[in-house]
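Welcome, and thanks for taking this tour. Please have your viewer open, and let us walk through the fold together.

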Amino acid sequence: MDPIITVTQWANEAAGERPPTLLDIRYQLGGPNGRPEYEAGHLPGAVYVDLDAELAAPPGPKGRHPLPDVEQFGAAMRRAGVRADRPVVVYDGGTGWAASRAWWLLRWAGHPSVRVLDGGLAAWQAEGRPLESGVPDVAEGDFVPAPGALPLLDADGAAALARRGLLLDARAAERYRGEVEPIDPVAGHIPGAVSAPTTENVTEQGLLRPAAELAERFARLGVKDGVEVGVYCGSGVSAAHQLLALAVVGIDAALYAGSWSEWVADPARPVATGAQPG
């Protein structure tokens, strides 16, 4: 199944007899909680999911957005109406990063059918489609997570992959090079990693680039048959969007969920700066 869904496709499926479960994952790093904006206006039938509280564990040595406790994650998804036998569609304000985090978590936890609304809320509104306010009454879901359906890296695994395969750094290029670091205490990148900013996967309108363009981009970065691929970012959120783009072109890549915020939590781990590795 294609991991993305267009606004037109969603509108058609939402009008069907048994529409997919729709989750609103609006989130802004360092910004206010997205629930007030959600309650003021969201796609009809959408249920809000809090990235910080429900799609991540509290910050700590494992990073700023560690993977959530599996049982707590399952309970949050059931409260949102997620069922094992019903497809799920997720969206956010438009960047796709937060929605991709939900997409990846649900797929990793064993849900068979999850898609990201391409362009999110911004794309929906750009077409003049309606919003609703308030909180919908949804029936309890039955989804029980079974983790392990997608590949996952820890810090040692990410370091090893950077040596034997291809480890992509999804952050901005200047953060990769170590020129600036606005969030984490140490600047730079994992030795051997290749800079691949997630922002380059989308058009000026915030939509994913066509699959052919994405395939060309990843090929230039070193993605090819037989090469194992992993992705990290600052805390495992924007990297999920990179994984989404890779999935669109048929590449199964692993997520280093702890990402840079976990990597630099241990001062013994090496740090590289500067341009791409040779």
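Predicted model: local features only at pLDDT ≥ 70, side-chain atom pairs only at ≥ 80, totals over all residues.

Which residues in H10 are buried? They are Ser238, Ala239, Ala240, His241, Gln242, Leu243, Leu244, Ala245 and Leu246. Here, buried means under 20% relative accessible area, exposed means over 50%, and partly exposed is in between, with a 1.4 Å probe and protein chains only. Nine of the 11 residues of H10 are buried, so this helix is largely enclosed by the rest of the structure.

Residues are numbered from 1 along each chain as its sequence is written, and side-chain values use heavy atoms, with hydrogens and water left out.

Leaving out residues up to four places away in sequence, alanine 247 touches Pro3 and Trp103, where contact means heavy atoms within 4.5 Å. Glycine 41 is 206 residues from alanine 247 along the chain, and their C-alpha atoms are separated by 30 Å. After H10 comes glycine 250, with a positive phi near 85 degrees.

From the helix, turn to the sheet. Five strands form an open sheet in the order E1-E5-E4-E2-E3, with parallel pairing; two strands pair if DSSP finds at least two bridges between them. At the edges are strand E1 (4-5) and strand E3 (47-48), each pairing on one side only. Strand E2 (residues 21-24) is joined to E3 by two bridges, and leucine 23 has valine 47 as its bridge partner in E3. E2 also pairs with E4, in the parallel sense, over four bridges; there, threonine 21 is partnered by valine 88. Between E4 and E5, which run parallel, there are three bridges, and the partner of valine 89 in E5 is arginine 115.

What covers the two faces of E4? In a regular strand the side chains alternate between the two faces of the sheet. Both faces of E4 are covered, with Val88 and Val90 buried on one side and Val89 and Tyr91 buried on the other. H5 lies across E2, E4 and E5, and runs at about 175 degrees to E5. For that angle, axes are lines fitted to C-alpha atoms, for helices over the stretch in contact, and angles run from 0 to 180 degrees between N-to-C directions.

Now look at the packing. A nonpolar core is a set of buried Ala, Val, Leu, Ile, Met, Phe, Trp, Tyr and Cys residues joined through side-chain atoms within 4.5 Å. The largest one has 51 residues, of which Leu23, Met77 and Leu168 touch the most other members. Elements that give two or more residues to this core include helix H4 (70-79), strand E4 (88-91), helix H5 (97-108) and helix H10 (238-248). H5 gives the most, with eight residues. Apart from neighbours within four places in sequence, methionine 77 is in contact with Leu23, Val49, Leu55, Val82, Leu106 and Phe143. A second, separate core has 16 residues, including Ala155, Ala159, Leu161 and Leu167.

Threonine 198, in the loop between strand E8 (194-195) and H9, is buried, with a relative accessible area of 1%. Not counting residues up to four places away in sequence, threonine 198 touches Trp97, Ala170, Ser238, His241 and Gln242.

Finally, consider a backbone detail. Most residues other than glycine have a negative phi. Serine 259 has a positive phi, near 55 degrees. This serine is placed in helix H11 (residues 259-263), and at 0% relative accessibility it counts as buried.
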